[in-house]
Amino acid sequence: MFKHLRKWFVTHFSGRSRQRARLVSKDGRCNIEFGNVDVQSRFIFFVDIWTTVLDLKWRYKMTIFISAFLGSWFLFGLLWYVVAYIHKDLPEFHPPDNHTPCVENINGMTSAFLFSLETQVTIGYGFRCVTEQCATAIFLLVFQSILGVVINSFMCGAILAKISRPKKRAKTITFSKNAVISKRGGKLCLLIRVANLRKSLLIGGHIYGKLLKTTVTPEGETIILDQTNINFVVDAGNENLFFISPLTIYHIIDHNSPFFHMAAETLSQQEFELVVFLDGTVESTSATCQVRTSYVPEEVLWGYRFVPIVSKTKDGKYRVDFHNFSKTVQVETPHCAMCLYNEKDARVRTKIGYDNPNFVLSEVSETDDTKM
């Protein structure tokens, strides 16, 4: 029993220790950290305050939302209390019966806060109101009304923009868990399956990839996360995708592909990360969005293909079975791209004859040396 437990622990923790670091997670989040940023550079985020607020997490955004309203209500409530105190409208000053206050029925800090809330939110209960006795109260009323509209527009607009951001639409675009390498159309290809979970389309879809790996230049410079373009296509191209059903995109592994010198035996020993991007315009909102995912060598299966998931029902409808979306089956595949192309070249050579320039045809005369 202890032997099995030890084996489980060794396998479990060794597998976690061998887990490769990702720049882009499977759900598209970027795993990057900025360090030693100057303090002066941090204030640049406040210049573009709108984008900064939109990028905040919900817990911070709601904290700012509540603090902005409560803070403004309390601040103006304090100002209303000061106006009443200076004008001696409070009960502790024992104003005469013919005294006209700046604001009716403000008896302390609590009533001043309630009047501030009623003014900024435009509730208008009618119990407390500004009189024409002092210009200070009228100016403060106008100033709070304008500032209240600005705060309300900014914060409510930020909440609405956060909810309707196009990256939420990207959550309904899913990629297969693994990428596969197999033959397609007589060529060795890297294939990935992508699906749209909504019936609304992505207009003008464009898909492409980046291969990230550490490279060393001829000058000896080490470039971490060096990017190489990976062209993905479907049968109709890689732009303006008709994205109504799951698509299988593929990258042809030819002489120009960075996968050309990889083989089935050495694939797991490689150090790279394949990041796949899908750009498009949301049909319902006309906003552009981008979907991202990544694959490390352990997630690229050599010699497999995806199981078909689209079928036709008896009613004439097309049915997509997402249960088999990431399911693969093993197929016969060359163990390297170079072997496939060498095999094709060998077949071509057997069908074509070549002239030997050193070959000379000589005629030999036959003589009859037999005597009767």
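Visitor: Which residues form a nonpolar patch on the surface, and about how much accessible area do they have together?
Guide: This is a predicted model. In it, the nonpolar surface patch consists of I138, F139, V142, F143, I146, L147 and V150. Together their accessible area is about 640 Å².

Visitor: Is I146 buried or exposed?
Guide: I146 sits in helix 7, which covers residues 135-163. Its relative accessible area is 52%. The cut-off for exposed is over 50%, so I146 counts as exposed.

Visitor: How do helix 6 and helix 7 lie to each other: parallel or oblique?
Guide: Two packed helices are described by the angle between their axes and the distance between the axes. For helix 6 (residues 109-121) and helix 7, the axes are 8 Å apart and the angle is about 60°. Roughly parallel needs an angle under 35 degrees, and roughly perpendicular starts at 65. The two helices are therefore oblique.

Visitor: What is the handedness of the crossing of helix 6 and helix 7?
Guide: These are the two helices that pack at about 60°. Where helix 6 passes helix 7, the crossing is right-handed.

Visitor: Where is K88 found, and what is its phi near?
Guide: K88 belongs to the loop between helix 5 (58-86) and helix 6. With 51% relative accessible area, K88 is exposed. K88 is not a glycine, yet its phi is positive, near 55°.

Visitor: Is T122 buried or exposed?
Guide: T122 lies in the loop between helix 6 and helix 7. Its phi is positive, about 55°, although T122 is not a glycine. Its relative accessibility is 65%. Exposed means over 50%, so T122 is exposed.

Methods:
Residues numbered from 1 in each chain as written. Predicted model: local features only at pLDDT ≥ 70, side-chain atom pairs only at ≥ 80, totals over all residues. Heavy atoms only, no water. Patch = residues over 30% accessible without salt bridge, like charges linked within 9 Å, V, L, I, M, F, W, Y side chains within 5 Å. Areas by Shrake-Rupley, 256 points an atom, 1.4 Å probe, with all protein chains shown as cover. Salt bridge = Lys/Arg side-chain N within 4 Å of Asp/Glu carboxyl O. Helix = DSSP H or I, 4+ residues; strand = E, 2+ residues; numbered from the N terminus. Buried < 20%, exposed > 50% of the residue type's maximum accessible area, 1.4 Å probe, protein only. Axes fitted to C-alpha atoms, helices over the stretch in contact; angles between N-to-C directions. Parallel < 35°, antiparallel > 145°, perpendicular 65-115°, else oblique. Left-handed = near helix turned anticlockwise from the far one by under 90°.
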